[in-house]
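Hi,

Here is the structure I promised to pass on to you. Have a look at it first, and then read my notes below with the picture open.

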Number of protein chains: 2
Amino acid sequence: MVARSERLLTLLQTLRRYRRPVTGTVLAEETGVSLRTLYRDIASLQAQGAMIEGEAGIGYVLKPGFMLPPMMFSEEELEALVLGSRWVARAAEPRLANAGADALAKIAAVLPPDMREMVDSATLFVGRKRQDEDKADVSAIRKAIRLERILELHYGDEQGRISRRRVWPFALGYFEHVRIIMAWCELRQDFRHFRTDRIIDMTIHDTRYPRRRTVLLKEWRDTQDTPIEH
Amino acid sequence: MVARSERLLTLLQTLRRYRRPVTGTVLAEETGVSLRTLYRDIASLQAQGAMIEGEAGIGYVLKPGFMLPPMMFSEEELEALVLGSRWVARAAEPRLANAGADALAKIAAVLPPDMREMVDSATLFVGRKRQDEDKADVSAIRKAIRLERILELHYGDEQGRISRRRVWPFALGYFEHVRIIMAWCELRQDFRHFRTDRIIDMTIHDTRYPRRRTVLLKEWRDTQDTPIEH
DNA sequence: GACGCTACTGCCATAAACTGTCAGCAGGCA
DNA sequence: TGCCTGCTGACAGTTTATGGCAGTAGCGTC
């Protein structure tokens, strides 16, 4: 039932042990299989995306890297991976930043549509704010964003003025220690952002707000002078 | 050759489409397979780590999340994922931070030993430094770390004093816009760190330094008052 | 408790896939 | 040219997967 796939993993590991080209004969012996079958196994791995290069008269080389076996990630683990990759894509040196963007693209490519939305709406900022206690339940906010629910905020701004307003949250931004809700504010009839640590109290309404959050996200991006992504 | 694994992916997608429990009969019809085989397929997926719950009289439910098919990541993409997850584990809200740590652990668990070293030696900082041009080739530095080569630095410190010293690099730290080389300094006979953007010139020697970089890393961590990780 | 629905397991004959052997072609290297 | 190697096709033997059948057990409802 799993004999074959296990053998393929063994083959990958064997291939990585050698840094120099290895002949198919050697690999066949090490994996305990005939040469013909080894060629078939190599073909299978290549079909699955493994970067194995074979050259006549030389042998096989595995390009440096690693093949991740099938793995299950929870929604939040996936979100963590996406956010992290995006941070790397922004903050690291160009070469590593590209790698981050590539990794993100690879993951996004195999993501089902409903989850790709999450990738789009998890906007990332890297800022220099102070740490602060969070009074608001951030996971509840994420849920409100996902379900496109109206959020009623009891909010204190930088000057300490307290207001109460209904907003349409469509994205969550991650500063270093502070989260920002991106939302359309019914009061101001414009996009506003709210630091989660300045939320005094909040209520998630059962009614959906009348627009799609993806549309709001796009419109908000259009209003930005320097787009977060391109 | 790939019929079975493709069918399993189809099954996962079908299972995710339904939010409510689905009976095995329905799944069998949709994947075009007999009920008996479907039970076997479910078992295979569960054995591979998919979080599928089956209850008699109810049906099957897939816990929210996503199964990543086998994918090839380059060394740098892997490093980007690791760095990103680590940043999330440090900087995000507790819930998401845990998710980042979990994702990191999952990836590390399936990594071969030689690559797990890379995970350990890619230290992460989140700082608030200014962006600056990098004169040094960061990928060359990473190579020097990997091969445990002596690095000769022509370095200008914060006061503008220029020095030339031989160091044993063992890790690379990532600030927001600046990279830091962690190294043992032969001149000072102690651990020192060097901003890559302050490197005027550098030479990678062909000789290995006389200690293992993993040991250096561990010793350096022991000297820290507040360890980066626990 | 009885009934319907469902998950789950064992068994076995059949169908499909995999495997090894043999043969042949093509490309790199000396 | 000769040798080593990757790569592909064909075919028979073997292994594995599949489907149907029967049976057990858990959940919900009447």
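In chain A, 57% of the contacts with a separation of 6 or more are between residues 24 or more positions apart; two residues are in contact if their C-beta atoms, placed from the backbone, lie within 7 Å. Please keep in mind that this is a predicted model, in which local features need pLDDT of at least 70 and side-chain atom pairs count only at pLDDT 80 or more, while totals for chains, interfaces and linings use all residues. Residues are numbered from 1 along each chain as its sequence is written, and chains are lettered from A and ligands numbered from 1 in the order in which they are written.

Chain A contains 8 helices and 9 strands. These elements are DSSP runs numbered from the N terminus, with at least four residues (H or I) for a helix and at least two (E) for a strand. Chain A has 230 residues, and 33% of them count as buried. Buried means that 20 or more other C-beta atoms lie within 10 Å of the residue's own, exposed means 12 or fewer, and partly exposed is in between, with C-beta atoms placed from the backbone.

Now to the two chains together. On the side of chain B that touches chain A, 55 residues are in contact with 55 residues of chain A. Elements of chain B that each supply at least two residues to this side include H1, strand E3 (65-68), strand E4 (71-74) and helix H4 (75-91). H4(B) gives the largest share, 13 residues. By class, this side of chain B has 31 nonpolar, 11 polar and 13 charged residues. Here Ala, Val, Leu, Ile, Met, Phe, Trp, Tyr, Cys and Pro count as nonpolar, Asp, Glu, Lys and Arg as charged, and the others, Gly among them, as polar.

The largest nonpolar core has 57 residues, and Leu81(A), Phe73(B) and Leu81(B) have the most contacts inside it. Such a core is a set of buried Ala, Val, Leu, Ile, Met, Phe, Trp, Tyr and Cys residues joined through C-beta atoms within 7 Å. In soluble globular proteins, nonpolar side chains tend to be buried together. Leaving out residues up to four places away in sequence, Phe73(B) touches Gly65(A), Phe66(A), Leu68(A) and Ala103(A), as well as Leu78(B) and Leu81(B).

Next, the DNA. A residue is near a strand if its C-beta atom, placed from the backbone, lies within 6 Å of it. There are 25 residues around DNA strand C, and the nearest are Arg36(A), Thr37(A), Gly57(A), Gly24(B) and Gly54(B). H3(B) provides the largest share of this surface, 4 residues. The surface near DNA strand C is made up of 10 nonpolar, 9 polar and 6 charged residues.

Around DNA strand D there are 24 residues, of which Gly24(A), Gly54(A), Thr37(B), Ala56(B) and Gly57(B) come nearest. For the surface near DNA strand D, the largest share is the 4 residues of H3(A). That surface divides into 9 nonpolar, 9 polar and 6 charged residues.

Which residues of H3(B) are buried? They are Leu38(B), Asp41(B) and Leu45(B). These lie on the same side of H3(B), because they cover an arc of only 60 degrees around the axis, the arc being that of the directions from the helix axis to the C-beta atoms. Arg36(B) and Ala47(B), on the other side of H3(B), are exposed. The cover over the buried residues includes helix H1 (3-17), H2 and E1 of chain B. Just after H3(B), Gly49(B) has a positive phi of about 105 degrees.

Most residues other than glycine have a negative phi, and most peptide bonds are trans. Glu148(B), however, has a positive phi near 55 degrees, and its place is in the loop between H7 and strand E5 (149-156) of chain B. Gln189(B) also has a phi near 55 degrees, and is found in the loop between strand E7 (179-185) and strand E8 (190-195) of chain B.

Happy exploring!
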